[in-house]
Amino acid sequence: MVPLSVLDLSPIVQGGSASQALHNTLDLARHVERWGYRRFWLAEHHNMPGIASAATAVVMGHVASGTSTIRVGAGGIMLPNHAPLVIAEQFGTLEALYPGRIELGLGRAPGTDQVTAHALRRSLESDADAFPQDVVELMAYFREPEPGQRVRAIPGMGLHVPIWILGSSLFGAQLAAALGLPYAFASHFAPAAMTQAIQVYRSRFKPSAQLDRPYVMLGLNVFAAPTDEEARFLMTSLQQSFLQLRTGNPGPLPPPIEHFERRLSPAERMMLDQALSCSVVGSPETVREGLRAFVDRTGADELMVTSHVYDHAARLRSFEIAANARDELARANV
C-alpha cells in the first residue's frame, strides 16, 4: 500500500470560529502523526468563510511547532499572489526553524474569485501566465548564491526545501515533468483530466537534482465511519459546501443532513458525481477496498487524503479508519 498524507483546509464550521478551526488543525496533525501519515499539507484560499488557512505559512508554523516528525507543507501556495522572493524567505524561515520537515507545493490559480484575486495582486503587472518563470526564480533562491548575486533569500539560500507542482490540468503536469519535480493532482475536486495528466507527466519526466523518477500524489476524499450509511451522512457536509461554492455562495462548513441527495436536481447530482468522483465513502471494509481499487486504477505513488467532516471527533475517526485500512493493505501485500 502506498503512503497516505493529509490535506487540511482548516475548515470553519457553522457555529464555529477560525480560532477553533486552527486549534482543530493542530489536533488533527498530532493525531495523524501518530497514525503514520507522511505529510500534512495546508492550502491557500482567500475570502472563503469556511477556510482558515489563508495565511498558509503562518498556519504551517503553528502545525510544525506542535508536532515533531510529520512533514508539513503547503498544498499549495498560489504563486501568482506572491513575489517569489517573499515565498523563499517565508519557507526558508520555516525550514530554518524545522529542518528537514518543510515542503512547498506551488499552484498557479489565485485560490479565490476574480474580485479577491484583484485585491491580492502583488502589482498591477502580475500575470498568472508567468508561473513557470516564477517557479524557476523561486527555486533559484534556495540554491547556494552565485558570485556577485545581489538578491538573496535570507533565510532560504542553500536550504533544501522540496518543491512540488500542483495542478488540475495538463499544464501543471507538463511543468512538473520539465523541471523534474514531484506532481500533486487535485483529483479530490477536479478529476476530469487526472488520467491524461498522469500519463503526460510520467512520459515527459526529466530527472533533476531533486527527483530521479516521476512521483505522483493524488488527492482523494475519504469519509470513513463504522457503517456505510454513517459515512455517506458525513459526506453531505462536503456536498452542501461544494454546491454553495459552485453557485457563488461559499460559507462555513454546514452540518450533515439526512437524505440530502433526495433534494438534488439531476443537474446538481451530475455535477457532484463528476467533481467528487475520486472519493472513498463507507465502513472500514469499504474504505480498505476503495483505497486498494483507487491505487490499482491510477498507479498513484502516494495518496493525499482530505476529509471535510463537520464534527471534529468524527473527522479524527475517519482519518484513523483510513490509516488502519492502509496498514491492513500493507500487511496483506507482505
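# Close-up views of a predicted model

Figure 1. With a relative accessibility of 0%, Ser-10 counts as buried. This is a predicted model, and here Ser-10 sits in the loop between strand 1 and helix 1. Check its backbone while you are here: phi is positive, at about 45 degrees, although Ser-10 is not a glycine.

**Figure 2. Val-13 and its contacts.** Staying in the loop between strand 1 (4-8) and helix 1 (18-34), we come to Val-13. Leaving aside residues up to four places away in sequence, Val-13 touches Pro-252, Leu-253 and Tyr-310. Arg-202 makes a handy reference point: its C-alpha lies 39 Å from that of Val-13, and 189 residues separate the two in sequence.

**Figure 3. Helix 2 and its surroundings.** Helix 2 (residues 56-66) is largely enclosed by the rest of the structure, because eight of its eleven residues are buried. The buried residues are Thr-56, Ala-57, Val-59, Met-60, Gly-61, Val-63, Ala-64 and Gly-66. What do they pack against? Their partners are helix 1, strand 2, strand 3 (71-78), helix 3 (84-97) and strand 4 (102-107).

**Figure 4. Two cis peptide bonds.** One of them joins Gly-75 and Gly-76, with omega at about 5 degrees. Gly-76 belongs to strand 3. The other runs from Ile-154 to Pro-155, where omega is near -5 degrees. Pro-155 is placed in the loop between helix 5 (131-141) and strand 5.

**Figure 5. Trp-41 and Trp-164, an edge-to-face pair.** A pair of aromatic rings is described by the distance of the centres and the angle of the planes. The structure holds six aromatic pairs. In the one formed by Trp-41 and Trp-164, the centres are 5.2 Å apart and the planes make an angle of 85 degrees, an edge-to-face arrangement. This pair links distant parts of the chain, with Trp-41 in strand 2 (residues 39-42) and Trp-164 in strand 5 (residues 163-167), 123 residues apart. Are these two tryptophans buried or exposed? Both Trp-41 and Trp-164 are buried.

**Figure 6. Tyr-183 and Phe-185 in an aromatic cluster.** The ring planes of Tyr-183 and Phe-185 stand at 65 degrees with centres 6.2 Å apart, so this pair is edge-to-face. Both Tyr-183 and Phe-185 are buried. Together with Tyr-201 and Phe-205, they form one aromatic cluster.

**Figure 7. His-259, partly exposed and with a positive phi.** His-259 lies in the loop between helix 8 (228-246) and helix 9 (266-275). Its relative accessibility is 47%, so His-259 counts as partly exposed. Phi of His-259 is positive, near 55 degrees, in a residue other than glycine.

**Figure 8. The chain as a setting for the close-ups.** Eleven helices and nine strands make up the secondary structure. Along the principal axes, the C-alpha atoms fill a box of roughly 65 × 50 × 40 Å. Of the 334 residues, 53% count as buried. Among contacts with a separation of 6 or more, 74% come from residues 24 or more positions apart.

Note on methods: Residues numbered from 1 in each chain as written. Predicted model: local features only at pLDDT ≥ 70, side-chain atom pairs only at ≥ 80, totals over all residues. Heavy atoms only, no water. Helix = DSSP H or I, 4+ residues; strand = E, 2+ residues; numbered from the N terminus. Buried < 20%, exposed > 50% of the residue type's maximum accessible area, 1.4 Å probe, protein only. Contact = heavy atoms within 4.5 Å. Phe/Tyr/Trp six-rings, centres within 6.5 Å; stacked < 30°, edge-to-face > 60°.
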